[in-house]
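Notebook open, structure loaded. I'll jot down what I look up as I go.

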Amino acid sequence: MTSTGDPATGTEALDAAFAETVRRTGASIGALYLLAPDEQVLCLDVLCGVPAGMADPWARVALAAPAPVAEAVREDRLVWVGSQGQMAHSYPRTAMALPYPLAMVAAPVTGSRRWGALLLMWPATRPPFMTRRERGHIESSCRRLARLIEDAVEHGKPPPGGERPRVLATGTGHRLASPALAAADFVERLPGGSCALDPEGHFTYLSSGACVLLGRTAGQLLGTLPWQSLRWLDDPTYEDRYRAAVIGREPVSFIACRPPDQWLDFHLYPDASGISVRIVPLGAAPPPAPAPRQSSGTSTPARAGQLYQLTHLAAALTEVVGVQDVINLVADQILPAFGAEGLVLSIADGGRLRITGYRGYTPEAIEQLDGLPLDTSLTPAGQAIGSGIPAFFSDPEEMRRIYPDAPLTSGKQAWAFLPLIISGRPVGICVLSYDHPHEFPAEERAVMASLAGLVAQALDRARLYDAKHELAHGLQQALLPRTLPRVTGLRVAARYLPATWGMDIGGDFYDVIRLGDTAAAAVIGDVQGHNVAAAALMGQVRTGVHAHATLGTKPDHVLSRTNRLLTDLAPDLFTSCLYAHLDFAGGRVTLASAGHPPPLLRLADGDTRPVDVPPGPLLGIDPDAVYPVTEIPLTPGLMLAFYTDGLIETPGVDLDDAISRLAGHLAHADDRDLDRLIDDLLSKAGTTGQRTDDIALLVLQYVPGA
């Protein structure tokens with residue numbers, strides 16, 4: 001294997017440490033993923049135990065994906081999957097694309113920051129549990145990998161990573177063995193066997209008996225793939241048996257018929273260096289069970305690896321949410337599945353094709369292609385959409401005969417135009433393109449057309465979701481205050497963070513209300529739910545509170561009257577609310593709560609604690625509810641922090657402990673810039689990752705004369 005850079009700081013040291021970890025843990029397959037610069041995608045960097053093509057479905061894994069390697073990084077914890085049953089229960093999408101008995105662990109590679117994850121796999125023959133010693137060794141190996149990456153960065157070298165992963169032979173840092181060594185390995189593994197395959201499936205050794213049974217000479221077969229050089233083995237079922245041996249690391253067998261009537265029994269015995277294959281003749285009589293169908297001489301079935309990859313893609317398409325998710329999935333996974341280098345995904349809008357995403361094209365080319373009419377004759381896109389029939393062009397000459405300007409526009413050499421149609425309605429078109437001429441066998445065309453139907457369904461759902469999300473988000477932004485009023489003597493800062501799951505909207509709100517020159521009010525609340533109804537009710541609650549507050553109503557009466565309004569509306573949603581009246585002239589703060597978490601009080605000397613505010617019932621439950629009030633002195637330098645439960649609620653953590661921890665963070669926060677203070681609180685509360693609830697945070701500081 002070649003390497004760039006100094007061994008101590010380049011890829012060689014990292015590869016050696018990775019290979020050593022795989023060897024010492026006894027894993028049959030290992031993979032190292034590194035976070036992309038945007039920290040939203042994990043990219044496969046180093047691989048051993050399987051060929052790179054077999055790992056194509058997982059070359060790029062979104063950090064938010066429901067997969068073990070993503071969960072390990074996302075939650076910064078070791079993820080153990082002890083069996084195929086556990087995989088199917090916890091990670092069904094991964095199990096669908098890996099239908100083999102195995103055990104797996106994914107561990108985060110973290111140092112001064114999170115770098116990625118280590119993935120190790122074992123055959124199902126190992127115990128379905130991990131010992132404390134194994135766990136400790138894997139975790140220490142991950143720390144070592146993190147140090148090597150950081151050493152490389154310190155020496156001015158970017159973290160390793162490229163378009164294709166580096167593939168290592170297990171236990172070494174070198175390329176696969178020569179045919180002579182492979183033959184020796186074969187003899188050691190299976191004395192008297194017939195042939196040997198390397199981990200990628202190529203013939204590396206054949207005995208004379210194997211050549212007779214297979215009907216080819218060694219010179220015709222060495223270095224080739226069985227399903228390519230022997231047409232009667234060109235069936236996905238046979239390749240799947242090879243994949244099962246490579247991934248499961250257990251012997252497998254199958255029966256195949258060599259034309260015209262010679263039945264052969266194949267037994268595959270795998271290990272890390274390759275596969276020994278024993279071939280036994282069964283005679284002219286077929287076996288009792290029917291063998292898989294033979295492929296005709298005029299067709300090429302889709303590869304088993306591609307079929308599993310497309311199954312994985314079909315499952316992934318059911319989980320995408322927005323249009324950008326669809327674009328990323330097609331670009332990151334569908335392009336590699338077909339070996340394409342270019343993508344243009346367009347949506348039919350207003351009689352024109354609007355490009356929503358692309359890969360492998362220059363901005364100048366996209367500018368020429370964007371906004372073409374649906375019936376365009378510049379490219380085959382118009383004809384494909386109009387007829388609903390995919391169009392395939394294997395080389396520029398074939399394209400140029402009908403569309404002379406298209407090759408010049410894109411600069412590509414082969415194209416697949418896949419119309420996205422739902423119930424006869426055009427949704428858009430997906431164009432896959434190649435940098436070199438590419439034949440499209442009938443089976444590949446059929447698979448592409450089927451996948452286009454799934455993409456059309458996903459894209460249509462995503463457009464609907466984005467439209468609803470845009471509507472709801474616009475509604476919420478209109479209901480939250482655009483700016484907070486300037487109040488003499490009061491420093492104010494606020495922040496709202498939507499949930500990262502669902503529609504990214506919710507019912508959390510805040511407001512600051514100026515009540516003349518000597519008083520102000522502050523309010524924060526949380527409407528149950530994360531949808532349009534919650535956002536709409538939030539606007540009604542905020543308006544009700546604001547209306548009663550500007551009339552000079554006392555805090556308990558503000559909540560009582562707002563509560564009565566909500567019970568009359570009967571929205572079937574409950575609301576928590578905290579209201580504070582700040583009297584600058586009288587030097588006091590009066591608070592009332594409707595089931596809301598207590599505010600935090602920080603005095604000028606740094607003393608910080610929750611304010612004991614007896615809560616009344618949630619708004620919208622009891623029309624006659626009473627809300628007790630609490631008064632505290634308003635002293636110079638006093639700071640109040642109001643927040644919603646999304647900031648403090650964590651599964652398994654006591655609520656009082658979480659509030660105390662937040663108070664500790666506030667006590668030590670720098671108050672010279674309240675916006676930065678909020679950033680600090682949010683960061684220490686761990687809200688920068690995935691959030692199942694929205695968060696509102698409002699901070700006030702009394703500074704007379706400011």
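Terms before anything else: I call a residue buried under 20% relative accessible area, exposed over 50%, and partly exposed in between (1.4 Å probe, protein chains only). Helices (H or I, at least four residues) and strands (E, at least two) are DSSP runs, numbered from the N terminus.

Ground rules. This is a predicted model, where local features need pLDDT of at least 70, side-chain atom pairs count only at pLDDT 80 or more, and totals for chains, interfaces and linings use all residues. Residues are numbered from 1 along each chain as its sequence is written, and side-chain values use heavy atoms, with hydrogens and water left out.

**Overall.** I get 21 helices and 29 strands in the protein chain. Of its 706 residues, 52% are buried. Taking contacts (heavy atoms within 4.5 Å) with a separation of 6 or more, I find that 62% come from residues 24 or more positions apart.

**Helix 21.** Which residues of helix 21 are buried? In this helix, residues 674–684, they are Leu674, Leu677, Ile678, Leu681 and Leu682. Looking down the axis, I see these buried residues fall within an arc of 135°, so they line one face of the helix; the arc is that of the directions from the helix axis to the C-beta atoms. They pack against strand 19 (490–497), strand 28 (639–643), helix 20 (655–668) and strand 29 (695–702).

Asp673 caps the N-terminal end, with a side-chain oxygen 2.9 Å from the backbone nitrogen of Asp675. After the helix comes Gly686, with a positive phi near 75°.

**Helix 20 against helix 21.** I find their axes coming within 10 Å and crossing at roughly 145° (lines fitted to C-alpha atoms over the stretch in contact, angles from 0 to 180 degrees between N-to-C directions). On the helix 20 side, Leu662, His665 and Leu666 meet Leu677, Leu681 and Lys684 of helix 21. I sort the residues of this contact into four nonpolar, one polar and one charged (Ala, Val, Leu, Ile, Met, Phe, Trp, Tyr, Cys and Pro count as nonpolar, Asp, Glu, Lys and Arg as charged, the others, Gly among them, as polar).

**Asn328.** I looked this one up in helix 12 (residues 323–338).

Notes:
A polar contact is a pair of N or O atoms within 3.5 Å; within protein, one must be able to donate a hydrogen and the other to accept it, and residues adjacent in sequence count only if both atoms are side-chain atoms.
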